[in-house]
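Colleague: I am new to this structure and would like to know what stands behind the words used for it. Could you show it and take me through them?

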Amino acid sequence: MPEPHGGWRSLDGGPFLMGSADGPYSADGEGPVREVAVSPFSLAATAVTVAEFAAFAEATGHTTDAERFGWSFVFAGFLPRDTAPTRGAAATPWWRQVFGADWNHPEGPGTDTAARRDHPVVHVSHADAVAYCAWAGVRLPTEAEWEYAARGGLEQQPFPWGAERDPGGEPRMNIWRGTFPDRNTAADGYAATCPVDAFEANAFGLWNMTGNVWEWCADWFSPGFHKRGPRTDPAGPPVGQARVLRGGSHLCHESYCLRYRTSARMGNTPDSSSGNTGFRVAR
């Protein structure tokens, strides 16, 4: 595999405090705070880019789940004006079922990634991410590895750089600014995804560990398994219905999805894809 877009970061591992005692969504299972230890590992400095995924698709002929199903979820506000009426998700009507949307056509037919080669690839399922890893000779990080890396050596801080979301009023990540879902001021410079190395890296040299796109982890999702699970190199429950996603995305807003934090988590089925979901790789 060629060197990842931003290179590798070798991390020492060791013990750290994982989780949060005051996560706003009890069903997510962020708490309790517990000491967890991870072994040394390396993590890609950035999420996998469109260009990197294109090389994989060209080399292998891989058909993503979105391509196989014939559609994926696209945020309504990003759809071209001439898009035909689409079905919305019941609980989150801003997500629209768009036929022909996939990693290379992020908003559906007639859209492309020509100007987004250095942006994170999206519309990739957990299964697609695992297939990429198999081709590249890498793997997805465990949830514990991901959080250790995101924290950048800081203890129990909500953001990779510390306690304040926008220190000194300066945006440090790509999230929804304004009133969701109708008005995004793009005060952080981006209305949709941004390049994978935009903003400032954390103390471990890792970019965009929060915001921009959700990142798949290796673990099955459970809101409670970690309360009784192992504390050294935990890998999540042995089985499940959903896989872990971390980091939040450019569509996260405090009014409904305050998940652009180092401890925040959610799960989704392994074949799901959307315009705000990507991944980064470990070894």
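Modeller: The chain has four helices and 13 strands, where helices (H or I, at least four residues) and strands (E, at least two) are DSSP runs, numbered from the N terminus. This is a predicted model, in which local features need pLDDT of at least 70, side-chain atom pairs count only at pLDDT 80 or more, and totals for chains, interfaces and linings use all residues. Residues are numbered from 1 along each chain as its sequence is written, and side-chain values use heavy atoms, with hydrogens and water left out.

Colleague: What share of the residues counts as buried?

Modeller: Buried means under 20% relative accessible area (1.4 Å probe, protein chains only), and 54% of the 283 residues fall in that class.

Colleague: What makes E5 and E6 edge strands?

Modeller: Two strands pair if DSSP finds at least two bridges between them, and in the open sheet of order E5-E7-E6 the pairing is antiparallel. Strand E5 (71-75) and strand E6 (87-88) each have a single partner strand, so one side of each is left without a neighbour in the sheet.

Colleague: How do you know that E6 pairs with E7?

Modeller: Two bridges join E6 to strand E7 (residues 95-99), which meets the requirement of at least two; Gly 88 stands opposite Arg 96 in E7.

Methods
Buried < 20%, exposed > 50% of the residue type's maximum accessible area, 1.4 Å probe, protein only.
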